[in-house]
Amino acid sequence: MSIAKQPWKIQGEYFESCNCEVVCPCLLSNAQARPTEGHCDVVLAFRIDKGNFGATDISGLNAAQALITPGPMAQGNGTLAVYVDSRGTSEQRAALEAIFTGTAGGPPSLFGPMISKSLGCKAVEISFTMHGNERKLVIPGITEVSVKGFAGRGGKDVVWFENVGHPYSARLAAAKGVDSNYKDHSLDFHNSGRNAHYSGIDWTSS
């Protein structure tokens with residue numbers, strides 16, 4: 001069985017920071033609406049608390065994606081860069097690459113029709129930290145993103161969007177990019193003060 005065909009499962013945390021105004025119109029249109037800036041620039045971060053890819057344990061590792069599209073995401077022509085945790089063994093890194101490039105099925109594969117150019121996969125140092133309603137991603141020399149959820153009524157918990165048409169979660173926290181910068185390959189964007197989301201994830205390959 002090829003590595004891309006292995007069954008897999010992930011439980012953990014995810015967040016993203018994009019260039020749209022709060023709230024991103026993708027959530028209400030199944031990615032059909034034009035982004036508020038006309039194009040989409042987004043960094044997505046993943047922390048795997050528990051997971052496996054076939055017989056390979058991938059618990060405790062991190063991954064990230066950077067994605068741009070020139071117009072509405074559903075219209076495609078997107079460019080994708082993938083980053084996997086350099087702490088992993090060669091087998092673990094290969095598993096993460098298969099998952100987060102979308103070749104191994106599951107939620108990441110739903111971005112497949114939107115991607116026309118792949119910038120490949122890099123094994124890098126990835127830090128994913130969280131505290132309360134704050135999340136932070138650091139890949140030294142490439143990206144540093146911190147997001148914070150919007151407090152709900154009475155300043156308690158955060159505002160949540162339910163039953164949204166997002167490939168990664170149907171329930172997303174409303175958040176803002178506190179600091180959000182990315183520069184790698186030919187891509188360079190800055191989304192501080194713009195839209196963000198986060199959620200727990202519980203994914204499988206099918």
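Arg 171 and Glu 162 pair up in a salt bridge, with the closest N and O atoms 2.8 Å apart. By salt bridge we mean a side-chain nitrogen of Lys or Arg within 4 Å of a carboxyl oxygen of Asp or Glu. The structure has five of these salt bridges. This is a predicted model, where local features need pLDDT of at least 70, side-chain atom pairs count only at pLDDT 80 or more, and totals for chains, interfaces and linings use all residues. Residues are numbered from 1 along each chain as its sequence is written, and side-chain values use heavy atoms, leaving out hydrogens and water.

**Arg 171 and Glu 162**
- Arg 171 is partly exposed at 36% relative accessible area; the scale runs from buried (under 20%) through partly exposed (in between) to exposed (over 50%), with a 1.4 Å probe and protein chains only.
- Glu 162 counts as exposed, because its relative accessibility is 52%.

**Lys 122 and Asp 184**
- Lys 122 forms a salt bridge with Asp 184, and their closest N and O atoms sit 3.0 Å apart.
- This pair links distant parts of the chain, 62 residues apart: Lys 122 lies in strand β6 (residues 115–124) and Asp 184 in strand β11 (residues 171–184). Strands here are DSSP runs (E, at least two residues), numbered from the N terminus.
- Lys 122 is partly exposed at 30% relative accessibility, whereas Asp 184, at 12%, counts as buried.

**Lys 136 and Glu 144**
- The side chains of Lys 136 and Glu 144 also meet in a salt bridge, at 3.3 Å from N to O.
- Lys 136 counts as partly exposed at 32% relative accessibility, and Glu 144 counts as partly exposed at 40%.

Notes
Helices (H or I, at least four residues) and strands (E, at least two) are DSSP runs, numbered from the N terminus.
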